[in-house]
Amino acid sequence: MPLNSNINRPTNNPISFNQNPHGLITGSNHQRASRFIRVYKDGRYQKLAGTDTVPAGVDPSSGVQSKDVIISPLSVRLYIPKPNVKKLPLLIYYHGGGFIIETTASPVYHNFLNLVAAESNVVIVSVNYRTAPDHPVPVCMNDSWEAIKWVVQHVNGNGPESWLNEHADFENVFLTGDSAGANIAHHMAIRVGSENQGRIVKLQGIILLHPYFWGKERVGSESEGHPLKAFVDDLWKFAHPETSGVDDPLINPDMDSKVSDLGCSRVLVFVAEEDILKDREWYYKDILGKNGWRGDIEVVEDKGENHVYFLNNLSAENACTMRIRICTFINNQA
């Protein structure tokens with residue numbers, strides 16, 4: 001696995017990674033390490049997870065076709081189900097990974113989105129935004145917005161990508177993602193609501209899968225003494241060294257004055273019972289309500305499950321039920 005030695009890490013970054021029972025982060029005087037990234041004192045780093053890739057192509061089990069398209073300075077992976085004469089809903093997906101790891105070519109995302117495309121009969125644009133530490137937050141937000149602007153070029157059927165021109169129904173657009181990607185989907189929906197002049201993007205709804213939201217004040221059953229609290233705090237500060245902290249509006253929607261601009265009328269949120277982020281995700285419903293957003297939101301909690309379990313066990317009963325709910329949510333509007 002290659003070691004990147006070119007990153008210039010800010011000297012005022014206040015991160016102090018501590019060990020936790022899930023083994024996500026370990027620390028020493030010589031290096032800071034996790035299961036997915038090891039960062040050395042001199043700023044060099046090595047990503048330990050989320051680096052495996054699979055090529056685009058035809059999925060033999062579902063018949064879903066995929067291909068990669070470069071949109072400088074990022075790329076997207078497109079998915080279309082078996083040929084269909086009618087236009088299909090368009091789902092824009094943002095992968096998770098703490099804003100640090102994973103790509104659109106990661107096996108877990110490729111396999112998951114092949115299933116979603118086939119089962120929900122949707123066209124998918126999976127966004128390969130740039131990640132920290134080379135590209136700290138908010139680069140991922142800017143890249144994700146650029147991807148939406150690229151998609152919009154196809155609304156009249158004369159954009160640069162034939163798959164979108166021929167197969168996507170731009171009257172039925174949905175944003176979704178998991179973990180950090182769900183956070184991005186939330187912020188993109190706000191930008192659609194506040195910057196989408198002329199309502200060119202017909203955003204019908206957003207689907208947030210275990211969104212990575214956080215904050216300083218504890219909500220619900222959150223505990224100051226939770227063994228993962230320091231990790232969640234420090235992960236954000238590592239991904240966004242210039243942040244004001246965990247009450248930054250980019251990580252805490254309760255602090256965002258624009259949250260009521262959410263540019264859709266329907267929201268579906270999935271949470272996992274064993275996830276440290278669970279109470280924060282439930283609280284998202286209260287945040288939208290008290291800030292004047294007038295749409296419909298449903299929160300679904302999967303019992304006995306942990307963070308993004310559905311990516312690693314596609315055949316699990318709860319994972320299958322989740323995908324059915326996603327299909328119903330999307331095609332209720334199509």
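Colleague: In which loop is Glu-102 found?

Modeller: This is a predicted model, where local features need pLDDT of at least 70, side-chain atom pairs count only at pLDDT 80 or more, and totals for chains, interfaces and linings use all residues. Residues are numbered from 1 along each chain as its sequence is written, and side-chain values use heavy atoms, with hydrogens and water left out. Helices (DSSP H or I, at least four residues) and strands (E, at least two) are numbered from the N terminus. Glu-102 sits in the loop between β7 (88-94) and α1 (107-120).

Colleague: What is the phi of Glu-102, and is the residue buried or exposed?

Modeller: Most residues other than glycine have a negative phi. Glu-102 is not a glycine, yet its phi is positive, about 80°. Buried means under 20% relative accessible area, exposed over 50%, partly exposed in between (1.4 Å probe, protein chains only). At 17% relative accessible area, Glu-102 is therefore buried.

Colleague: What is the relative accessible area of His-210?

Modeller: His-210 lies in the loop between β10 (203-209) and α5 (229-239). Its phi is also positive, about 55°, and it is not a glycine. His-210 is buried, with a relative accessible area of 0%.

Colleague: Which residue does a cis peptide bond join to Pro-138?

Modeller: Most peptide bonds are trans. Pro-138 is in the loop between β8 (123-128) and α2. The cis bond there has an omega of about 15°, and the partner of Pro-138 is Val-137.

Colleague: And what is omega for the cis bond between Ser-72 and Pro-73?

Modeller: Pro-73 is in the loop between β5 (65-71) and β6 (74-80). A cis peptide bond joins Ser-72 to Pro-73, with omega about 10°.

Colleague: Why are α2 and α4 described as oblique?

Modeller: Axes are lines fitted to C-alpha atoms, for helices over the stretch in contact, and angles run from 0 to 180 degrees between N-to-C directions. The axes of α2 (residues 139-152) and α4 (residues 180-195) come within 10 Å and cross at roughly 55°. Under 35 degrees counts as roughly parallel, over 145 as roughly antiparallel, 65 to 115 as roughly perpendicular, and the rest as oblique. The pair α2 and α4 is therefore oblique.

Colleague: Which residues of α2 make the contact with α4?

Modeller: Contact means heavy atoms within 4.5 Å. From α4 come Asn-183, Ile-184, His-187, Met-188, Arg-191, Val-192 and Glu-195. From α2 come Cys-140, Met-141, Asn-142, Ser-144, Trp-145 and Ile-148.
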